[in-house]
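Visitor: Hi! Could you walk me through this model?
Guide: Happy to, here it is.

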Amino acid sequence: MKAKALPVAIAMTTALSSSLLVVSSFDNQAQAQETFRWKMVTSWPKNFPGVGQGPERLSQLVEEMSDGRLTIEVFGAGQLVPGFEVFDAVADGTAELGHSASYYWKGKAPAAQFFAAVPFGMNAQEMNAWLSYGGGMELWNELYDDFGVDVLVAGASGVQMGGWYNKEINSVADLDGLKMRMPGLGGEVMSRMGVAIVNMPGGEIFTSLQSGAIDATEWIGPYNDLAFGLHQAADYYYYPGWHEPTVMFEAIINEEAWAELPTDLQAILRTAISDVNQSVLDEYTARNNDALETLVNEHNVELRRIPDDVLAQAREHSAEVVGELAASSELATRIYDSYRAFQDKVEDYHAISEQAYYNARNPEGDTSQ
Ligand code: CA
């Protein structure tokens, strides 16, 4: 992110004469009264549970923190622009801000997928660490630089569910010919395992599954899947979501609009987005537990673990698919090298910290089947 105003302000207060300081102070007062009314377009239905709450919270926080100097009007998918046109709308200045997931922009910048979800890749905790302290954020901004768009990480789903199936999957052979909705790199992996991948926006999933147009779908996790009623359209609910060990959400900002904001409003916006990044994940963690109980105990959903041979093949194909993406451009190679090196290190440490602790806390492990 650019913060050009700060060095100038420091220079003025340290180097200039007292008479100029009066002018500077006058300028600051004028600046303090200037108000900014921004639009934020999103890829989610307005007020959608979880991910859709992030933009609403951001708007409220920024208005309170700035005492109304910066207001952000949030638009759901289709209200100002369609959900899949959020990036273009921010790039061309139709809206100053957007909330979305970077893998939707793979047609413009294939490497954007590395910042949303990588099959068998890093989870939310690990992604946040790589983005903030491992160089990930700098690479993400470098990728978007050509489009005049800045980016900050703005939420995470946590580990998703493997998806809903209208029949039991006992082996890789059971996947053959299945029609499934699964976006991104995971969808490409599944297609190499014999699945016919169908892409559609979230709003069409339920009817497609119910009508039999598709046999299976992934969406997010218990909280959002229950809200969509997916349990009414398929009996079997599979885990884990190897294809999306998290999806990281993004706040994208028009570069010119960002540069026009005074330094304090930039800091307020950054801080509010950082708050949203944590709160979206926390909401998922809290609500998924209750929603899973409801699905299993009230709706008699059949919870199933994806069989080991399916996971093993998915792992193999994922390595190919991710490797091909990494080789697709010089920047994609640099991004994945950084991603992979970080994952290797964090995996080693998490084996003796997070993973060892989970095992110590619950030696029985997965007892659901
Ligand atoms: Ca998903």
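Guide: We will talk about a sheet, some aromatic rings and a pair of helices.

Guide: First, this is a predicted model, where local features need pLDDT of at least 70, side-chain atom pairs count only at pLDDT 80 or more, and totals for chains, interfaces and linings use all residues. Residues are numbered from 1 along each chain as its sequence is written, and side-chain values use heavy atoms, with hydrogens and water left out.

Visitor: Thanks! In what order do the strands of the open sheet run?
Guide: The order is 2-1-3-10-4, five strands with mixed pairing. Strands (E, at least two residues) and helices (H or I, at least four) are DSSP runs numbered from the N terminus, and two strands pair if DSSP finds at least two bridges between them.

Visitor: Which ones are the edge strands?
Guide: Strand 2 (70-75) and strand 4 (149-156), each pairing on one side only.

Visitor: And how do strand 4 and strand 10 pair?
Guide: They are antiparallel over six bridges, with strand 10 covering residues 248-254. Val-149 stands opposite Asn-254 there.

Visitor: Which strands does helix 5 touch?
Guide: Helix 5 (residues 124-133) packs on the sheet against strand 4 and strand 10, where contact means heavy atoms within 4.5 Å. Its direction makes about 35° with that of strand 10; axes are lines fitted to C-alpha atoms, for helices over the stretch in contact, and angles run from 0 to 180 degrees between N-to-C directions.

Visitor: New topic: how many aromatic pairs are there?
Guide: The structure holds 23. Rings of Phe, Tyr and Trp (its six-membered ring) pair if their centres lie within 6.5 Å; planes under 30 degrees apart are stacked, over 60 edge-to-face, and the rest tilted. Trp-44 and Tyr-104 have ring centres 6.3 Å apart and planes at 50°, so that pair is tilted.

Visitor: Is Trp-44 buried or exposed?
Guide: Trp-44 is buried, at 5% relative accessible area, while Tyr-104 is partly exposed at 23%. The cut-offs are under 20% for buried, over 50% for exposed and partly exposed in between (1.4 Å probe, protein chains only).

Visitor: Last one: at what angle do helix 12 and helix 13 cross?
Guide: Helix 12 (residues 308-326) and helix 13 (residues 330-352) cross at roughly 130°, and their axes come within 7 Å. They are therefore oblique to each other: under 35 degrees is roughly parallel, over 145 roughly antiparallel, 65 to 115 roughly perpendicular and the rest oblique.

Visitor: Which residues meet there?
Guide: Val-322, Leu-325 and Ala-326 in helix 12 meet Ala-332, Thr-333 and Tyr-336 in helix 13.
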